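Subject: Structure handover

Hello,

I am passing this structure on to you. Please open it first, then read the notes below it.

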Amino acid sequence: MANIMITGANKGIGWEFTNRYLYRGDTVIATYRDKDRSQELLSLRTRMVDEGNEALIPVLLEVRDQASIDACFDEVSQHIESLDMLINNAGMGDNSVDIGDAAVHKSFGNLEADAIVDVLAVNSVAPIMITQRFAPMMEWADNPKVVHISSKMGSIELRGDSGYYSYSASKTALNMLGRIMSHDLMSMGVISVMLHPGWVKTSMGGPEAPVSVADSVVGMMKVIDGLTPEMNGGFYDWEGQELPW
Ligand SMILES: NC(=O)c1ccc[n+]([C@@H]2O[C@H](COP(=O)([O-])OP(=O)(O)OC[C@H]3O[C@@H](n4cnc5c(N)ncnc54)[C@H](OP(=O)(O)O)[C@@H]3O)[C@@H](O)[C@H]2O)c1
């Protein structure tokens, strides 16, 4: 059974990954950043421990804060020696509560430098810094993997309209950073890819999204299970289709 770390595990896609890997029998390091918003995750841990099952390990992590990444690493090291998979899932949209009203921030004429930098810090820089910190823990794992949850919105070729400046650019940057890092990771035996989960019904994707969280995560788990060294550094969707950069 694998040791899997998932960031942003308290809701949406991260929560679904957490439940499905637990169900499969894996140990899940599930990171969250706010206790009040993570009650479902924390009470699942309590219920499992009551049944003698320690497979769910919730750990605090504010992904944009290096001190938090270091503290998370120290805590995770107390539970496991080797990490088989890291899923960099935590992310924010242009319209996140972190930066206020979407209509203000995402349109031309109202762009704000700090708001753009905020999105880049969370969606592009954080996954790379987290991966760098945890990579040494993956070196001795069997078939280790890093999955960066990216987005089709980050494909320069596929973006044909305006809007979502910072979100789209943040995923483009993630793709490039992840692509470069894939070479370093491969030299340690770690396969890494960027995955687009589909347009998914979560608080980020909204209720009109056509793909359910379950379908998206089941699809991505299949793609992840089938990853080969030839796919290293690639950009794929939840159904395994390669996406243009
Ligand atoms: N839904 C879609 O249609 C879609 C499409 C393409 C790509 N994606 C990507 O899929 C991933 C998951 O998205 P989702 O739809 O599941 O969104 P979601 O329901 O909004 O969940 C986002 C997760 O990221 C966490 N997070 C955000 N900022 C963070 C920070 N600074 N530090 C730590 N954790 C942070 C959130 O924690 P809090 O609850 O504490 O805020 C939450 O757990 C994201 O990377 C997103 O860009 C989603």
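Helix α3 (residues 66–79) packs against α5 at an angle of about 35°, and the two axes are 10 Å apart. Bear in mind that this is a predicted model. The crossing of α3 past α5 is right-handed. From α3, the contact uses Gln 66, Ile 69, Asp 70, Cys 72, Phe 73, Asp 74 and Val 76. From α5, it uses Met 129, Ile 130, Arg 133 and Phe 134. By class, that contact of α3 with α5 has seven nonpolar, one polar and three charged residues.

Helix α5 (residues 113–134) also packs with helix α6 (residues 165–186). Here the angle is about 15°, and the axes lie 8 Å apart. Angles under 35 degrees count as roughly parallel, so α5 is roughly parallel to α6. α5 passes α6 in a right-handed crossing. On the α5 side, the contact is made by Ile 116, Val 119, Leu 120, Asn 123, Ser 124, Pro 127, Ile 128, Thr 131 and Gln 132. On the α6 side, the residues include Tyr 167, Ala 169, Lys 171, Leu 174, Leu 177, Gly 178, Met 181 and Leu 185. Sorted by class, the contact of α5 with α6 has 12 nonpolar, seven polar and one charged residues.

Which residues of α7 are buried? They are Val 213, Ser 216, Val 217, Gly 219, Met 220, Met 221, Val 223 and Ile 224. The cover over these buried residues of α7 includes helix α1 (12–24). It also includes the strands β4 (85–88), β5 (145–149), β6 (191–196) and β7 (235–237).

Last, two backbone points in loops. Asn 143 has phi near 60°, a positive value in a residue other than glycine. Asn 143 sits in the loop between α5 and β5. Tyr 164 is not a glycine either, yet its phi is positive, about 50°. Tyr 164 is in the loop between β5 and α6. Is Tyr 164 buried or partly exposed? With a relative accessible area of 32%, Tyr 164 is partly exposed.

Best wishes

Notes. Residues are numbered from 1 along each chain as its sequence is written. This is a predicted model: local features need pLDDT of at least 70, side-chain atom pairs count only at pLDDT 80 or more; totals for chains, interfaces and linings use all residues. Side-chain values use heavy atoms; hydrogens and water are left out. Axes are lines fitted to C-alpha atoms, for helices over the stretch in contact, and angles run from 0 to 180 degrees between N-to-C directions. Helices (H or I, at least four residues) and strands (E, at least two) are DSSP runs, numbered from the N terminus. Angles under 35 degrees count as roughly parallel, over 145 as roughly antiparallel, 65 to 115 as roughly perpendicular and the rest as oblique. A crossing is left-handed if the near helix is turned anticlockwise from the far one by less than a right angle, and right-handed if clockwise. Contact means heavy atoms within 4.5 Å. Ala, Val, Leu, Ile, Met, Phe, Trp, Tyr, Cys and Pro count as nonpolar, Asp, Glu, Lys and Arg as charged, and the others, Gly among them, as polar. Buried means under 20% relative accessible area, exposed over 50%, partly exposed in between (1.4 Å probe, protein chains only).
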